[in-house]
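Before you is a structure to be read together, feature by feature. Please keep it in view while the dialogue moves from the whole chain to single elements.

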Amino acid sequence: MNTKTVVLVGVPWSVHELDDAIRDAATLGASLLVVDTPESLAQIGEGTAVRTRTVKALDPLLIADCVRDDEPATVLAITEFSMELAAAVRELLGIPGTPSAVEACVLDKARTREVLHEHGLTRVGFHRSSLLDPEDLLGGLEPPVVVKPRSFSGSHGVTFVADRSELARVFDPYDLAETDLDDRDGRVAHLDGDHRTHEVIIEEYVPGPEISAEGLVVDGRLTLFTLTDKVNTGMPYFEEVGHVVPSKYTRERTGQVEEYLQAVVSALGFVTSPMHAEIKLLDDRIELVEIHTRYPGDRVVELLQSAYDIRPYEAYFDAMLNGRVPQRPRPTGEHHGVGFFNGPTDASFAWPSYAFPHPEAVVSVDLDRRRAPKVFAYEGLRIRYWRAGHALFAAKDHAHVHENIGFLLDHTPGRGGSGD
């Protein structure tokens, strides 16, 4: 059997995800070829055996020329900021998949919200704005609102505003003199036109529990794998502290969530892509917070593999290479979770306690005092927190996993909250 080449555009920000992708590609008789700049490829450790190819810049024409002789079976990305780029390379090489225009729409939270509004899939009021025009920041909206960058992830830059007296808080993490520069991070895809980090979307705040949903879309058809509980610091910044798979809402809300998200991916034009959606559960409906054409980060793929009989990357590669629709995975009967040792980027890290309420549910702890924040700022946006490590949990009782993550939340320096 001839080995098929799967080109991966961009080193994932969570480099460990490469190991799972390499394993799952090999299961299907394929090998990975990672294309990126020399600086980014240097992040791959010596223990990760994967072919690489360097380009001087992340430009679709350069990448297409670089891999054309390998006759790739498909071109993908497993890191958020390379999705549109990988789609553009597919189009240049005549390889089918989700179009780059769809990837651009998904990356732009304001455009996503507009599509939802056009299709009657949201009741949330919203307003495009710029931090450089503070007089028009809210448009016609009134607090409570949530302000967030139009193109970023990981809760960075997200701010809750309860009333107009709190508007100044929105500007705190930004150096606006740095947000309109042409010298932008070449690793990160940007919105079309003249958008920079100062471009924001303001949305009416929707109360209620927020979870995420993970699945795979094949030829426009969504197969939902799981619902995932999210634990965050709450208002005003909603910094994520951990996740639990499967969610406590799985039994009662899965059917409703899948029906809603099928309508969302159809409206947006997903073809064949992973799907990671963050959603709000209301009594009478579902509201989308944001959606991605990738699997989630934060080790949720690892949790998914442990809680279900599925390898998500194998299912994705199989769909792209062979057009196969995955079976709905079977649960193993345990809840798996991850919690993060979060710390402020502007202070030395010291964790106050490891006395988990359910030590028998602790699978592993990864914490290294030599770690330091990789990024302090992104094009004028100061990153407020970083993760010095994580702990993995597993138990048949959902509450034991959730309470261990809550313990990390309660001991996060300078933070704390209910996680709702």
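Predicted model: local features only at pLDDT ≥ 70, side-chain atom pairs only at ≥ 80, totals over all residues.

The dialogue below takes up the overall fold, then a helix, then a surface patch.

Q: What share of the residues in the protein chain is buried?
A: Buried residues, meaning those under 20% relative accessible area, make up 59% of the 420 residues. Of the contacts with a separation of 6 or more, 68% are between residues 24 or more positions apart.

Q: Is helix α4 mostly covered or mostly open?
A: In general, an α-helix has 3.6 residues a turn, so residues three or four places apart point the same way. Helix α4, residues 83–93, is mostly covered, with 8 of its 11 residues buried; among them are M83, L85 and R90. The buried residues of α4 pack against β1, α3, β4, α5 and α10, and just after the helix G94 takes a positive phi of about 70°.

Q: Which residues form a nonpolar patch on the surface?
A: Y354, V365 and L367 form such a patch, with about 260 Å² of accessible area together. V365 is found in strand β15, residues 362–367, and counts as partly exposed because its relative accessibility is 44%, where partly exposed lies between the buried limit of 20% and the exposed limit of 50%.

Methods
Residues numbered from 1 in each chain as written. Heavy atoms only, no water. Patch = residues over 30% accessible without salt bridge, like charges linked within 9 Å, V, L, I, M, F, W, Y side chains within 5 Å. Areas by Shrake-Rupley, 256 points an atom, 1.4 Å probe, with all protein chains shown as cover. Salt bridge = Lys/Arg side-chain N within 4 Å of Asp/Glu carboxyl O. Helix = DSSP H or I, 4+ residues; strand = E, 2+ residues; numbered from the N terminus. Buried < 20%, exposed > 50% of the residue type's maximum accessible area, 1.4 Å probe, protein only. Contact = heavy atoms within 4.5 Å.
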